[in-house]
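Biologist: I'd like to go through this model with you, piece by piece. Can we start with the overall layout and then get to the details?

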Amino acid sequence: MTVDNRDLHETGDAAPDAALGLEGIPHTGESLTADGHLVEPQAEDFASARAVPQDTQWYKSAVFYEVLVRAFNDSDGNGTGDLRGLADKLDYLQWLGVDCLWLPPFYASPLRDGGYDISDFRAVLPEFGTVDDFVHLLNEAHKRGIRVITDLVLNHTSDAHPWFQESRNHPDGPYGDFYVWSDTDEAYPEARIIFVDTETSNWTYDPVRGQFYWHRFFSHQPDLNYENTEVQEAMLDVLRFWLDIGIDGFRLDAVPYLFEEEGTNCENLPRTHEFLKTCRKVVDDEYPGRVLLAEANQWPADVVEYFGDPEVGGDECHMAFHFPLMPRIFMAVRRESRFPISEILAQTPAIPDGAQWGIFLRNHDELTLEMVTDDERDYMYAEYAKDPRMKANIGIRRRLAPLLDNDRNQQELFTAMLLSLPGSPVLYYGDEIGMGDNIWLGDRDAVRTPMQWSPDRNAGFSRCDPGRLYLPTIADPVYGFQAVNVEAHMNNTSSLLHWTRRMLQVRTEHPAFGKGDFTELGSSNPSVLAYLRRHVTETVTDDGAVVVTEDRVICVNNLSRFPQPVELHLSEHEGRIPVELTGGVRFPAIGELPYLLTLPGHGFYWFQITDPQEEGEPQ
Amino acid sequence: MTDQPRLAVDALVDDLRAWLPTQRWFAAKGQDLTDVRVTRAAELVTGDPGLVHALVLAGGEVYQVLVGLRAELPEHLAPAAIGEVDGLHAYDATHDGELMTGLGDLIAGNADTGGLSFRAEPGVEVPAGLRARPIGVEQSNTSIVFAEQYILKLFRRPAPGPNRDVELHRALHAAGSQQIAAPVGTVAAGETVLGFAQRFLGDAAEGWATATASVRDLLAEGDLYAREVGGDFAGEAARLGAAVAAVHADLAATLGTEVIGAERMSEAVAAMHGRLDEVLAEVPELAEHETALRAAFDAVRGLDDGILVQHVHGDLHLGQVLRTTAGWVLIDFEGEPAVSPRERALTRSPLRDVAGMLRSFDYAALHLVAGAEPDHQRAARAAEWSDRNRTAFCDGYAAVGPDPRAAAVLLRAFELDKAVYEVRYEHRNRPDWVAIPLAAIKRAT
């Protein structure tokens with residue numbers, strides 16, 4: 001779907017709204033004001049979606065589900081998924097038990113970077129639908145108690161964005177200073193190049209303006225100039241545009257790079273944090289209950305900065321992804337040792353009261369190996385990417401099931417850890433049915449193939465000719481849609497899908513998972529990872545009494561493929577009864593001595609620690 | 001203080017005579033115990049339950065016994081019963097969390113009572129009232145954990161004079177070592193250290209368990225090389241090597257080093273020959289290697305430059321190292337259990353520790369295949385694991401200290417000396433496993 005926009009580079013006087021096929025629908029730059037400003041669509045031009053019930057801390061215990069609009073469901077039969085198609089599948093997502101959808105960008109875009117190259121922040125990519133379709137999706141989701149957040153790229157735009165076209169053509173116009181322009185390519189030499197596979201410099205020469213422009217990512221994604229307060233205002237208005245329509249929050253893409261400063265690596269600069277505080281203030285003052293989720297692919301000790309001031313419970317982003325945890329989970333299971341996970345959790349600093357980590361096993365990007373050391377990276381490549389085609393950039397592009405050799409026990413163990421470690425879990429579409437990948441597709445498309453709904457044509461994803469699909473369906477004998485699809489999983493109550501649903505239900509019933517503190521329980525067995533999640537709630541009754549309820553959950557994971565015994569020191573819970581959470585079976589009471597458990601290979605337990613209670617029929 | 005406690009324990013002598021030999025830490029197993037005497041006793045906790053601290057001479061050794069006294073013995077303490085005195089149940093008080101909490105409080109309060117001195121280390125604040133729980137019994141100690149904060153090791157066979165474990169831990173702590181559990185306090189009777197408290201490492205897993213998990217993973221594969229399997233241990237082995245080298249460097253920096261000349265080297269070589277003589281007399285299978293072994297030992301005499309010696313761990317193997325979330329930690333600096341306290345206190349080549357660890361890797365690799373039907377494939381895999389991790393350990397050591405492989409003659413002699421000792425041990429205790437050290441001797445000679 002790559003669109004060549006080279007002609008935009010060459011023709012100096014192209015219309016600013018030349019951005020792709022938006023004729024006939026509201027978009028940026030349909031006209032210019034007298035002072036040369038672009039006229040942009042306003043939220044009032046559209047309907048806005050109904051609100052969801054107020055709970056300003058919902059994100060702390062929510063289960064997120066990342067879904068690619070293109071890949072989920074095609075409502076109009078053109079071979080590409082769309083917003084209406086996604087809305088038609090909300091019943092499924094409600095049934096599964098997800099609380100919030102995360103949609104990667106669906107804005108107008110030349111699609112040279114999977115939609116992260118946004119050419120109009122206020123228009124929807126036509127093949128996905130319109131802003132009105134998005135309002136419909138939001139409405140339908142909110143009706144089911146499901147929230148929706150989407151990506152917003154603050155750092156840069158596509159070079160097809162009218163702002164950039166104005167900026168390169170009219171250096172003295174209102175947009176002349178919207179991007180980072182320089183006469184040379186020598187500034188900020190200490191900033192690393194992120195896409196080492198394709199870019200050789202962070203500067204690219206623009207023949208139209210006759211200057212270099214700064215870009216931390218691809219050369220077709222010029223960085224916005226945050227030194228310019230008009231840029232800051234313009235981006236805050238973009239936030240307001242979608243928040244007015246009713247969106248529940250944003251995943252802010254590539255946040256560490258907003259500002260540049262000579263003599264630094266241009267990441268995590270203080271002024272970048274200041275701007276995020278401004279964004280947060282807009283949300284808190286004008287749209288309480290909506291969230292900002294930071295994508296900062298950095299070490300947790302650096303990422304916590306993006307939560308802001310702990311004294312006030314955090315005043316930047318509500319959430320941030322915990323990147324290094326994910327590869328460590330994979331490594332720990334392969335090594336049959338808890339230490340890769342224990343270490344990264346021990347190195348993770350405390351976060352403000354109002355903050356929450358987002359954690360994931362897989363997403364639309366490759367399995368990121370930036371957060372592992374070189375030795376560990378070699379090891380991960382060797383273990384999980386036996387074929388060189390599986391490697392992309394600095395990562396591995398596989399889905400969960402093939403990464404785990406389609407081993408059901410491991411898929412369950414990994415998912416159980418995802419749902420019980422500290423943070424809000426983010427599931428990736430298709431992983432709940434164990435979908436496979438296609439490593440022969442280019443770039444990161446291996447893990448972006450159509451959702452498999454049924455054994456029908458095109459996996460039930462689209463009614464189009466199979467050749468018209470944006471990407472072919474998975475058709476191999478193990479992961480192909482004839483065998484692996486939602487319908488088949490629905491019809492089999494022992495399927496991974498039903499199992500996942502049950503686990504989400506259990507998680508929802510226990511606030512300890514989302515809001516509880518985390519204590520690792522050491523043991524002498526290095527292959528067993530055990531931890532306590534504990535949440536204390538105080539409620540005030542009608543007559544003013546304070547009732548304290550405590551939710552205590554102990555999770556025990558066997559990272560080894562062999563059965564293992566473990567002795568846990570639980571004597572602080574002496575006299576209490578562990579109740580297994582998926583089946584409700586009462587285990588022997590905890591005593592003075594170490595509590596002995598045995599686990600099957602890759603087995604796990606979730607126990608609620610309950611006060612002793614009389615069991616059985618009335619005496 | 002009255003004579004009451006003394007009398008109480010004296011009355012227990014017959015029961016102790018029966019009870020002591022059933023304890024894992026009792027040394028003179030199989031001997032006839034005629035002479036059992038209480039040499040000192042002190043009442044530490046009065047009331048019910050009561051706690052009496054006693055030193056008991058039996059079979060020529062002094063043992064530390066903590067006697068609990070209760071009118072009613074709860075079920076969970078029944079296995080700890082020693083006998084009865086004055087209508088009270090007497091039992092091993094280290095199993096009694098309540099009494100042990102009281103013992104911990106004495107450390108917290110820097111108490112002097114019944115001639116015993118309880119001391120927190122300088123600058124360490126020990127909280128009182130911590131819940132105490134006994135953990136596994138070791139060869140010569142009994143350990144009690146206090147609320148996951150610190151662990152008190154009670155020496156069951158306390159020796160008079162300075163305690164090596166305490167001294168070396170203090171020296172390492174003073175040097176800022178991150179590879180030990182920091183000292184917390186001591187219990188002593190005059191010059192004799194009876195107990196040593198250290199920070200408890202609740203997240204720790206034993207080196208042996210960690211290493212053998214990796215070996216199991218490898219052997220389950222069969223067709224993959226040691227470097228290819230998921231459970232590869234080389235990274236851990238290298239980090240362990242670096243940790244051991246760091247401990248050696250810290251001990252050298254705080255307690256000094258010296259270079260010994262031909263005379264003391266000659267003594268050491270003579271001692272190796274002496275041990276070999278003893279084992280040869282007992283284990284005929286070793287005879288075929290005698291010439292090669294003696295040549296390896298004698299080669300040490302030819303080292304002209306002298307040997308650097310210092311304080312070392314003295315009994316280093318995978319059971320004496322813990323993997324914690326923060327890295328590897330070395331424990332139990334008491335020295336080799338089989339030799340006299342005087343010998344343990346001697347400075348030695350740090351390569352002794354390296355040799356001990358290298359032998360331990362060999363054991364971890366081979367113990368799963370030892371005694372089974374010979375299987376060339378599995379044996380080859382296990383040997384591969386051993387080689388890979390021994391090399392990684394040395395690489396890690398060399399990244400912090402001198403490369404142990406540079407002193408090949410000495411290292412080989414130490415390893416063989418250790419293997420000879422193992423041959424006797426296995427011959428006596430686990431004949432199936434004698435193949436492990438024998439194979440090592442065969443490979444090295």
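Biologist: Into which domains is chain A divided?

Modeller: Chain A is divided into domain 1, 47–154 + 229–504, and domain 2, 516–610. The bounds come from an automatic or database domain assignment. Before going on: this is a predicted model, where local features need pLDDT of at least 70 and side-chain atom pairs count only at pLDDT 80 or more, while totals for chains, interfaces and linings use all residues. Residues are numbered from 1 along each chain as its sequence is written, chains are lettered from A and ligands numbered from 1 in the order in which they are written, and side-chain values use heavy atoms, with hydrogens and water left out.

Biologist: How far apart are the C-alpha centres of those two domains of chain A?

Modeller: The C-alpha centres of domain 1 and domain 2 of chain A are 30 Å apart. Their contact (heavy atoms within 4.5 Å) takes 22 residues from domain 1 of chain A and 23 residues from domain 2 of chain A.

Biologist: And chain B, what is it divided into?

Modeller: Domain 1 of chain B covers 1–200 and domain 2 covers 205–444. Over C-alpha atoms, the centres of these domains of chain B are separated by 33 Å. Here the contact takes 17 residues from domain 1 of chain B and 20 residues from domain 2 of chain B.

Biologist: Switching to charges. How many salt bridges over all chains?

Modeller: The structure holds 65 of them over all chains. The criterion is a side-chain nitrogen of Lys or Arg within 4 Å of a carboxyl oxygen of Asp or Glu.

Biologist: Which residue does B:Glu121 form a salt bridge with?

Modeller: B:Glu121 forms one with B:Arg170, and the closest N and O atoms are 2.7 Å apart. This pair links distant parts of the chain, 49 residues apart: B:Glu121 is in the loop between strand S7 (116–120) and strand S8 (132–137) of chain B, and B:Arg170 is in helix H4 (residues 164–174) of chain B. Helices (H or I, at least four residues) and strands (E, at least two) are DSSP runs, numbered from the N terminus.

Biologist: Is B:Glu121 buried or exposed?

Modeller: B:Glu121 is buried, because its relative accessible area is 9%. B:Arg170 counts as partly exposed at 34%. Buried means under 20% relative accessible area, exposed over 50%, and partly exposed in between, with a 1.4 Å probe and protein chains only.

Biologist: What about B:Arg428, what does that one form a salt bridge with?

Modeller: With B:Glu282, the closest N and O atoms being 2.9 Å apart. The two are 146 residues apart, with B:Arg428 in helix H12 (residues 408–429) and B:Glu282 in helix H7 (residues 262–282) of chain B. B:Arg428 counts as exposed at 54% relative accessibility, and B:Glu282 is partly exposed at 26%.

Biologist: Where do B:Asp362 and B:Arg359 lie?

Modeller: Both lie in helix H10 (residues 351–366) of chain B, three residues apart, about one turn of the helix. B:Asp362 and B:Arg359 form a salt bridge with closest N and O atoms 2.8 Å apart, and both are buried. Elsewhere, salt bridges that share partners join A:Arg328, A:Glu343, B:Glu236, B:Arg239 and B:Arg323 into one network.

Biologist: Backbone next. What is phi of A:Leu111?

Modeller: Phi of A:Leu111 is near 60°, positive in a residue other than glycine. Most residues other than glycine have a negative phi, and most peptide bonds are trans. A:Leu111 is in the loop between strand S3 (107–108) and strand S4 (120–124) of chain A, and is buried at 12% relative accessible area. A:Asp405 also has a positive phi, about 55°, but A:Asp405 is exposed at 56%. That residue is in the loop between helix H13 (400–403) and helix H14 (408–420) of chain A.

Biologist: Which peptide bond is cis, in the B:Pro49 region?

Modeller: The bond from B:Asp48 to B:Pro49, with omega near 5°. B:Pro49 is in the loop between strand S1 (36–45) and strand S2 (50–58) of chain B.
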